[in-house]
Amino acid sequence: MDQSLTKNEFIGHEERAPEARRSWLFTRPDHKTGIVSWLTTVDHKRIGFLYGISALFFFLVGGAEALMIRLQLAVPNNDFISAQTYNEMFTMHATTMIFLAVMPLSAAFFNYIMPLQIGARDVAFPRLNGFAYWLFLAGAIILNVGFFVKSGLPDMGWFGYAPLTSTAFSSEFAGDMSTDLWVMGLQVLGVSSVIGSLNFIVTIINMRAPGLTMMRLPVFTWMTLFTAFLIILSFPAITIALVEVMMDRNFGTFFFEVSGGGLPILWQHLFWVFGHPEVYILILPAMGIISEILPCFSRKPLFGYPIVVFSGAVIGLLGFGVWSHHMFTTGMGTVATAAFTLATMAIAVPTGVKIFNWIGTLWQGNLMMRTPMMFALGFVWMFMMGGFSGIMHSAAPADAQQQDSYFVVAHFHYVLIGGSIFALLAGIHYWFPLMFGRKVSEFWGKLSFWVIFAGFNITFFPLHFVGLNGMPRRTFTYDGNMGWNSINMIATIGAFILGIGIAVYFAVMIYTYFKGEKIKRDPWDGRTLEWSIPNPPPHHNFDVTPQVHARDAFWYEKHHQAEIDAEKAKVAAEDEAHGGIHMPSNSWFPVITAIGMLTGSLFFCNDNFIGAIGGLVIVFFGAWMWSVEGPGGYHLHPTKEGSDDADAQH
Amino acid sequence: MSSTAAAAGHIDHHHDATTTTGIPHKKLFMWAFLASDCMFFGSLIATHLIYRLHPPVGTIDPRDIFSIELTSGSTFVLLMSSLLMALSVNSIQKGNVVTTRKMLLGTIVFGLIFLGGQVYEFNHFVKVGGLTLSNDVFGSTFYTLTGTHGTHVAIGVLWLVLMYIRTFKPADDSAGQGWILRGLFHFLTFTALVVFGMYTLLALIHAFEMGHGFGYYFSHHLPSFTGSLALLGGLFWFAKPRGAVDFGEANAIDVESMGLYWHFVDIVWIVIFPVVYLLEYVVLP
């Protein structure tokens, strides 16, 4: 498995840093294969792969939870699962899909693809990148501990509205820690996301290849940058909100405690100040992926590149000013309601601009209907439908009717499945050949697309109607005389079709990973730098740092071969003169520090403060060793590809 | 990499040729983190203000417990610590390790005075003012907000101490990693001094406040007093010159990143002090 992920053997040789006298504790590990190499990895491609695998695992867990929900709702007055289990299922379905599936899957692409697109050999802080992943895993474990302990899973909804999170409402027995697990899990995930995003911001701004000006960045990289800014600016709001809940639960404060003068509505404001930008955190990477795929398979450059980038920025910016549209029915007063209505409607403008630019890209293109393109076109259509129902919500009077009904459920599944998930599935198909050197069969890829597409629409389109007819969200069953029976049955059948589609999709992926057709580099005739390297990419990504002369850098290279070859020879000679390619060494301490966070958080949820302090001590030890372990790093001397000269000039 | 003045001026501290923008990675990282931290404190301050605008019936009047003189004093000390921090950045950029150490120590002491003031203030509010986390929503927001700021200051002090100890890393790597163990003991001595020293000072102040004088103080607190002196001596021993160190102009960016954090935490206090303390005295018409 190691071999197919990153080709460790490369043509050329490796030069170790001269050994100082160091004890084993301060010597950085250099395993290239095996479990240790994964635990200590700092390679952005491996970290991206780890993110991807974890995200897909939790995607399936969240999907199973969704099927439980749909089974329960298939017929009226069903008792397939209890009301309590139903609450746990919808809470964990949303939390899992948002924080443990879509966000890390986007992070997988940020990690794997973004450095390749900017011509970098790693991110700015490789160990911190590993730390962000291990912290993500710690948060995911904390959130899902409820499956295995008496307290059970969190059950107050992913939004955790006060006062549902108070001890009075959420603790079924003394020491019930399901809500504490949710609070700590999200807290740890937030730290992970912020650390990862700070790293991406520095990487994109500071590690671009020579000539790669900001307005030449691939759109996916742009969207990575915007998403990272949204994360670092919106997560602090929920961090504080969760701190306040934690203080309320553990130390008796009154932040959301009405009896002491607390205002539960404050939670909603803080939560949605985070929660609405979070929606764009989920969709902007998807838009970036689509902006890469559509031009590639339309054989045209992206239509209106600057305006697509600018629209992304405007969406991100406006995203901070619309949070209260989630709260139109709380009675904020007419002025606030009108202001948030207008701001929300304004967001439709940059989004619409993007849609038109994608259509402009397709227009008169030489369309190649490959699997990634199918998913991308599905995205444009389905996301647009979700956008239309979104505009309906933006009008406060209409929203007052739709609030907390299945209409809203239909809306956000259109933007999250039809939007984010379709784009991420498209991205997996698109970059799979680059990551693993194999290609998914077109027949099976397209089949899975059509099954997913059909299942998705059969599930969620009818929910619009049942929602407008008044069926409430988050209610574990309904009476048979409401006129909702047939639609719910159809939706459940659709959900299983969607499940089968996803199963086919992943079965085909796994098959392809082991047995798929091997292909040469650049199978789609791409235009961005990640396609200029062999597949799977070598550990050091680029033998020679690319020099960028145009927006579609690799396209330019293809059409100016002689000029580029001469330039590459020159840059290679310069690199060699500076001692070769510098690569970072692996490290144990990111994973050790994350383990400290994990144990500390779990002890804290159990009200075991000695254990929590013990966890902090591990964190301190990990961070201390992190800073004093050897600087590490080694140099590579690649020789010209295809040559067998394994030991060229030193 | 050496501490000698000869190396000074060889590094351009305003342009890093290895990055696209010329800004060092660490500095850019810190700026982005501080942007994030702005939202962090913004949410906390907003929470506090919302509850000041909607106080529950019978809430405590903060003016009854605040001591603006004390808080103004510790605010001034914290701001002056930023001056020392800036001077330490300035001296390490010139490769002057000895001055850097002095300025780092000054920043640490000033930071600790601020923290001591906060400990004293919290103690006073609880014992005299009767304000706790869980008897008034004002207490909830006040302690959480100022406590979070205090935690930031404490993390800054910890970072400063670790940086101070880092300046003693020997340049000669062939001697092995013994310096790390010595650094650990250095750190433990420093921590113990902070704890005992604060206790000693507070006990001394208390003795004078009560009008007991030196005799009473020494008869009751001799062990902690001598212990603090011994620890102070230990700190001097650790600071003894031991040859060239692996800390100099090249580490300026590390000190500068830390400085950015420290200044930011001060700036947050510049917001908190007027908003949380002074605003209470503004009488609206």
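In chain A, A:Lys150 sits over the face of A:Phe173, 3.8 Å from the ring centre; a charge counts as over a ring when NZ of Lys or CZ of Arg is within 6 Å of the ring centre and within 35 degrees of the ring normal. Chain B has such a contact too, with the charged end of B:Arg242 over the ring of B:Trp237 at 4.7 Å from its centre. The model is predicted, so local features need pLDDT of at least 70 and side-chain atom pairs pLDDT 80 or more, while totals for chains, interfaces and linings use all residues. Residues are numbered from 1 along each chain, chains are lettered from A in the order written, and side-chain values use heavy atoms, with hydrogens and water left out.

On to ring against ring. A:Phe456 is buried at 0% relative accessible area, and A:Phe460 is buried at 9% (buried is under 20%, exposed over 50%, partly exposed in between, with a 1.4 Å probe and protein chains only). Both belong to a ring cluster whose members include A:Trp381, A:Tyr414 and A:Trp450.

Now for the charged pairs. A:Arg299 and A:Asp525 form one at 2.8 Å, N to O, linking parts of the chain 226 residues apart. A:Arg299 is partly exposed at 27%, as is A:Asp525 at 32%, and both join A:Asp522 and A:Lys558 in a salt-bridge network. In another bridge, A:Asp552 and A:Arg527 meet at 2.6 Å; both residues are buried.

As for the strands, E4 (residues 581–583) and E5 of chain A run antiparallel, joined by 3 bridges; strands pair if DSSP finds at least two bridges between them. A:His582 has A:His635 as its bridge partner in E5. Strand E5 (residues 634–638) has 4 of its 5 residues buried, so the rest of the structure largely encloses it.

Technical notes: Helices (H or I, at least four residues) and strands (E, at least two) are DSSP runs, numbered from the N terminus. Rings of Phe, Tyr and Trp (its six-membered ring) pair if their centres lie within 6.5 Å; planes under 30 degrees apart count as stacked, over 60 as edge-to-face and the rest as tilted. A salt bridge is a side-chain nitrogen of Lys or Arg within 4 Å of a carboxyl oxygen of Asp or Glu.
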